[in-house]
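User: I would like to go through this structure with you, element by element. Could you begin with one of the helices?

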Amino acid sequence: MSKKHRVTLHEVAEHAGVSTSTVSLVIRNNPRISEATRKKVFDSIDTLGYVYDRVAANLRSQSTGIVGVIVTDIANKFISEFLIGAQNTLEQAGYTVLLGTTFDSVSKQDKLLSTMIEHRVDGLILNPASKSTEKTVERINNLPIPIVLANRELDDANCDYVGIDYVKGAYIAVKHLLEKGHKRIAYLGGIKSSSTWIERMRGFQLAYEKAELKLDESLIIDGPPTREGGFDAVSKVLQNGNPPTAIFCFSDLVASGVLQGLALHKLTPGVDIDIVGFDNIPDSEIYHPPLTTVSSFPRSIGNKSATILYEKMTKSSPEKQRIILQPELIIRETS
């Protein structure tokens with residue numbers, strides 16, 4: 001069988017009765033082309049079965065039009081919201097998003113970084129794994145493309161960064177609980193070695209210092225930032241001889257596990273024990289009972305990360321940016 005003929009740009013132009021440059025402008029969605037001409041060209045494309053040769057175009061322009069986004073866990077609603085913000089912004093700018101999920105594994109992160117480079121992405125947004133090392137930082141700094149770190153900062157990384165003020169977020173959450181009269185507040189969930197846990201811990205400590213109170217280290221229990229991690233952590237802390245009267249959770253996902261654990265112990269959040277989460281994911285409003293939490297605006301972080309990356313890819317701006325969004329306490333029934 002003979003190989004099927006590939007329709008050319010010239011044939012589309014002839015069929016539509018326009019120049020090849022006009023067809024090219026239509027395909028690239030140039031706003032100078034009238035709607036009537038645009039329709040005529042697309043009708044010819046459909047009739048002839050023309051397929052845009054993106055590989056050839058990329059070779060000519062030295063750009064793939066693809067941006068890599070690497071996240072820790074797409075099942076996490078915070079990450080899902082972050083991705084919506086990033087993808088919407090990048091797609092509006094004409095880029096296709098190549099998504100990779102590390103499941104918070106450094107080895108998977110290394111493989112995904114290699115894969116993204118092999119696919120010649122024009123730029124990369126990275127939500128680093130919590131146990132990223134100096135070796136990770138060294139590799140990121142040597143990559144030949146613009147990179148924006150989001151949600152988790154890495155020491156000595158020569159990259160732009162967008163995130164939330166985790167110190168302030170934890171501070172306003174714990175201050176809220178202290179002002180309600182609580183003195184024994186637990187901090188549950190999260191990986192101790194990660195920058196996001198450390199910064200939340202600073203805010204937690206700061207609230208105690210300003211209240212001139214001493215915190216009980218036995219109430220600080222780290223663990224996986226997951227629902228299961230929250231369930232396990234609250235089970236441990238309730239075994240404390242002098243259990244907490246309130247709990248600050250590393251994230252809303254951890255808080256969902258804490259709520260499950262409290263139900264098992266027949267404790268009512270907001271009545272028997274107060275709970276505050278972190279992130280304000282959409283589900284937090286429909287938890288039972290609705291969760292008091294700190295809003296960290298994940299869509300805005302995604303949007304700003306994508307905007308900075310776009311500027312780096314198109315303007316070659318050497319200026320390094322560090323954007324920190326301000327958190328907001330959302331009070332609901334659990335406190």
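Analyst: In helix α11 (residues 252–264), the buried residues are Asp252, Leu253, Val254, Ala255, Ser256, Gly257, Val258, Leu259, Gly261 and Leu262. Buried means under 20% relative accessible area, exposed means over 50%, and partly exposed lies in between, with a 1.4 Å probe and protein chains only. Helices (H or I, at least four residues) and strands (E, at least two) are DSSP runs, numbered from the N terminus.

User: What kind of model is this, and how are residues numbered?

Analyst: This is a predicted model, in which local features need pLDDT of at least 70 and side-chain atom pairs count only at pLDDT 80 or more, while totals for chains, interfaces and linings use all residues. Residues are numbered from 1 along each chain as its sequence is written, and side-chain values use heavy atoms, with hydrogens and water left out.

User: Back to α11: why is it described as largely enclosed?

Analyst: Because 10 of its 13 residues are buried, α11 is largely enclosed by the rest of the structure. Its buried residues pack against β6, α10 (227–237), β8, β9 (274–279) and β10 (292–295); contact here means heavy atoms within 4.5 Å.

User: What is the span of α11, and what follows the helix?

Analyst: α11 reaches 19 Å from its first C-alpha to its last, close to the 18 Å expected at 1.5 Å a residue. The expected span is 1.5 Å times one less than the number of residues. Lysine 266 follows α11 and has a positive phi, near 60 degrees.

User: Now the sheet. What is the strand order?

Analyst: Six strands form an open sheet in the order β7-β6-β8-β9-β10-β12, with mixed pairing. β7 and β12 (328–330) stand at the edges with a single partner strand each, so one side of each is left without a neighbour in the sheet. Two strands pair if DSSP finds at least two bridges between them.

User: Which strands pair with β6, and in what sense?

Analyst: β6 (residues 185–188) pairs in the parallel sense with β8 (residues 246–249) over four bridges, and with β7 (residues 220–221) in the parallel sense over two bridges. Leucine 188 has cysteine 249 as its bridge partner in β8 and stands opposite isoleucine 221 in β7. From β6 the chain crosses through helix α9 (residues 195–210) to β7, and this β-α-β crossover is right-handed. Right-handed means that, with the strands pointing away from the viewer, the path from the first strand over the helix to the second runs clockwise. Tyrosine 187 stands opposite isoleucine 220 in β7.

User: Are the faces of β6 buried or exposed?

Analyst: Both faces are covered: Ile185 and Tyr187 are buried on one side, and Ala186 and Leu188 on the other. In a regular strand the side chains alternate between the two faces of the sheet.

User: And where does α9 pack?

Analyst: The buried residues of α9 pack against α8 (166–179), β6, β7, β8 and β9. Among those buried residues are Trp197, Met201, Phe204 and Tyr208. α9 has 16 residues and reaches 23 Å from first C-alpha to last, close to the 22 Å expected. Just after α9, glutamate 212 takes a positive phi of about 55 degrees.

User: What about β5?

Analyst: Strand β5 (residues 160–164) has five of its five residues buried: Asp160, Val162 and Ile164 on one side, Tyr161 and Gly163 on the other. β5 pairs in the parallel sense with β4 (residues 147–150) over three bridges, and with β11 (residues 322–325) in the parallel sense over four. Alanine 150 stands opposite valine 162, and glycine 163 stands opposite isoleucine 324.

User: How many disulfides are there?

Analyst: The structure holds zero disulfides, a disulfide being a pair of cysteine sulfur atoms within 2.5 Å. Cysteine 159 is buried at 7% relative accessibility, and cysteine 249 is buried at 0%.

User: Last topic: where is asparagine 280, and what does it touch?

Analyst: Asparagine 280 lies in the loop between β9 and β10 and counts as partly exposed, at 21% relative accessibility. Not counting residues up to four places away in sequence, asparagine 280 touches Asp252, Thr293, Val294, Ser295, Ile330 and Arg332. The side chain of asparagine 280 makes a polar contact with the side chain of serine 284 (3.3 Å). A polar contact is a pair of N or O atoms within 3.5 Å; within protein, one must be able to donate a hydrogen and the other to accept it, and residues adjacent in sequence count only if both atoms are side-chain atoms.
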